[in-house]
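Visitor: Could you walk me through this structure, one question at a time?

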Amino acid sequence: KEQLMGGNTAEQPSPSKKKGKGVEEDPMLWGIPGHLTSDEADTFAKFRAEVLKRDGDFRDTVYCFGEEEGEVWALGRWLRARKFVYDDVIAMVQEATETRKEAKAKDFYPDPVEALHVDTSLYFAQYPQLYSGVAKNGAPLFISKPGILNVDGVECITTLDGILKFHWYVMMHDFANRLRDQKKNNPGFKRFECVCIL
């Protein structure tokens, strides 16, 4: 608990405080290991215990980008997404586990052309989006231009089902590999997320 809160708990804000160590000065530290409040650290411990006792599918959902992310960072990513409200986190992981069940059974569609039923270059010509290096924080930089999406063009080349399958491929193969490669090249990289420019 002390490590999650940033060291000696005697130096931490009281549990009634809303912000962890250093968060007032840098809001990007909110919910990050080493900067949790006492209540957030308790919720983290409760969620960790739940993940350890659940079946493989629940755990696979939590560690969707691989074990390389690290336990503290993977669990923290889910907790931040629901502002450390334990019941909401559990509900979200259960919903995500159910939502990804069919795609997981198909290995998240490892062939993007087969998933989309068209060459990806044609799709991106209708809906420009790409990864371009990494941001200052080390996370992949994703650029998308939904404002110039050619809806008619997309409808001519693929289906909604094809787009959904393709986006499973992008998230679980392309994006996940970018995160793992970044971690391999920069062991200090811990926040498995991306910076999006729309």
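Guide: Helices (H or I, at least four residues) and strands (E, at least two) are DSSP runs, numbered from the N terminus. This is a predicted model: local features need pLDDT of at least 70, side-chain atom pairs count only at pLDDT 80 or more, and totals for chains, interfaces and linings use all residues. Residues are numbered from 1 along each chain as its sequence is written, and side-chain values use heavy atoms, leaving out hydrogens and water.

Visitor: Where is Glu69 found, and what is its relative accessible area?

Guide: Glu69 lies in the loop between H3 and H4. Buried means under 20% relative accessible area, exposed over 50%, partly exposed in between (1.4 Å probe, protein chains only). Glu69 is buried, and its relative accessible area is 2%.

Visitor: Which residues does Glu69 touch, not counting residues up to four places away in sequence?

Guide: Contact means heavy atoms within 4.5 Å. With residues up to four places away in sequence not counted, Glu69 touches Ala74, Arg77, Lys190 and Phe192.

Visitor: Why is helix H4 largely enclosed by the rest of the structure?

Guide: The buried residues of H4 include Trp73 and Trp78. Their cover includes helix H2 (38-53), helix H3 (56-62) and helix H5 (86-99). H4 (residues 71-81) is largely enclosed because its buried residues number 8 of the 11.

Visitor: Which residue takes a positive phi in the hairpin of E1 and E2?

Guide: Strands E1 (residues 129-134) and E2 (residues 140-144) pair in the antiparallel sense over 4 bridges; pairing requires that DSSP finds at least two bridges between two strands. The hairpin has 5 residues between the strands, and the one with a positive phi, near 95°, is Gly138.
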